[in-house]
Amino acid sequence: MIIIMESNSTQEQIENVIEKIKKLGFRPHLSQGEEKTIIGVIGDERKINESLFKTLPGVENVIPILKPYKLVSREFKKESTIVKVDGVLIGNGHRVIIAGPCSVENEEQIIASAEIARRYGAHLLRGGAYKPRTSPYTFQGLGEEGLKLLQKAKMFTGLPIVTEVMEASEVELVAEYADVLQIGARNMQNFRLLKAVGKINKPVLLKRGLSATLQEFLMSAEYILSEGNYNVILCERGIRTFVDYTRNTLDLNIIPAVKKLSHLPIIVDPSHGTGRRDFIIPLSLVSLAAIAAGADGLMIEMHPDPNKSISDAEQTISPEQFRLLMERIHSLEVLINSWS
Ligand code: PEP
Ligand code: MN
């Protein structure tokens, strides 16, 4: 059960609710976000009902939720969430294209990427400064220098920045430069990191873990919301299956499932989902399929000279391929908009 306090509720009223929860033998979970104060009631919910709290002073609403994820659920919030990034809207019909190289490599590369991304209509620039790599011997990212280069690219193009954070201790630093903090697939269940990004007031892009179920994915998002940060964008990036002709299996079925169970926006990353640039026509059709399936956007790896890409070259598309993809996306959007 979740108790939502009125926005002008007093500290005394909040404490009063907490006292009552404890007296009933339950554990309170307080989350005082910038927008709302929410008190979770933890324990066997079958033994209580809403009426016990509904009339207490300062209480706006009480929502009984039996699912393990609560704040991310549609039961908690019926309207689809729209995440705002520097004037760019994501969710509830607002689609976003995020593009850029896998890693920030040098100034020339990231500025060229940003200019190409902007020229062909991307809304956000993405590049990794901290890279989670399978091998410790491969390029691990430029770190803070990479963040500074991203900031420069933003200065030139105005495109807001999406970049990954790998450590709870680096959240503050990355948040100084980034407009959206990405949590990579391998960190989807790094609960300390999730809590840390839950405490900042910048949007978070949460990628699905390689073997995460829908429930595990939503529970990870719940960690972020339960700390008070409601600006979470989910990202399907393919899961590990027995399929070995593509890097991962892109699970487009998850899009309508997420939309049914949660109010959060979900985008798709077909680059990691397929892992193959030589599937460029299929890749672009897969991208279009994701949009047709209801995705709130795409995240695409694109490099000015993909063969020279230090990481993920096999799946990174060229500026020309990106231009073509954007053209097709626009045609599809015209079609989709004509349906509604
Ligand atoms: C990436 O976005 O470059 C990346 C490493 O993705 P993932 O965490 O999905 O593997
Ligand atoms: Mn990558």
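A polar contact is taken here as a pair of N or O atoms within 3.5 Å; within protein, one must be able to donate a hydrogen and the other to accept it, and residues adjacent in sequence count only if both atoms are side-chain atoms. The model is predicted, with local features needing pLDDT of at least 70 and side-chain atom pairs pLDDT 80 or more, while totals for chains, interfaces and linings use all residues. Residues are numbered from 1 along each chain as its sequence is written, chains are lettered from A and ligands numbered from 1 in the order in which they are written, and side-chain values use heavy atoms, without hydrogens and water.

**View 1. Polar contacts of ligand 1.** A polar side-chain atom of arginine 126 lies 2.4 Å from an oxygen atom of ligand 1. For arginine 186 the corresponding distance to an oxygen atom of ligand 1 is 2.7 Å, and for an N or O atom in the side chain of histidine 272 it is 3.2 Å. On its own, ligand 1 has 290 Å² of accessible area, 97% of which the protein covers (Shrake-Rupley method, 1.4 Å probe).

**View 2. Residues around ligand 1.** The surrounding residues (a heavy atom within 4 Å) include Lys131, Gln182, Gly184, Ala185, Lys207 and Arg237. Cys102, His272 and Glu301 are also among them.

**View 3. The manganese ion (ligand 2).** Its protein donors are Cys102 (SG), His272 (NE2), Glu301 (OE) and Asp312 (OD), at 2.0 to 2.4 Å. Donors are N, O and S atoms within 2.8 Å of the metal (3.2 Å for Na, K and Ca); water is not among the atoms, so sites may look incomplete. Along the sequence the donor residues follow the spacing C-x169-H-x28-E-x10-D. Glutamate 301 belongs to strand S14 (residues 297-301), and aspartate 312, 11 residues apart from it, to the loop between S14 and helix H11 (319-339). Helices (H or I, at least four residues) and strands (E, at least two) are DSSP runs, numbered from the N terminus. Both glutamate 301 and aspartate 312 are buried (under 20% relative accessible area; exposed is over 50%, partly exposed in between; 1.4 Å probe, protein chains only).

**View 4. Two loop residues with positive phi.** Aspartate 86, in the loop between strands S5 (83-85) and S6 (88-90), has a positive phi of about 50° although it is not a glycine. Its relative accessibility of 51% counts as exposed. Asparagine 92, in the loop between S6 and strand S7 (96-100), has a positive phi near 50°. Asparagine 92 is partly exposed, at 47% relative accessible area.
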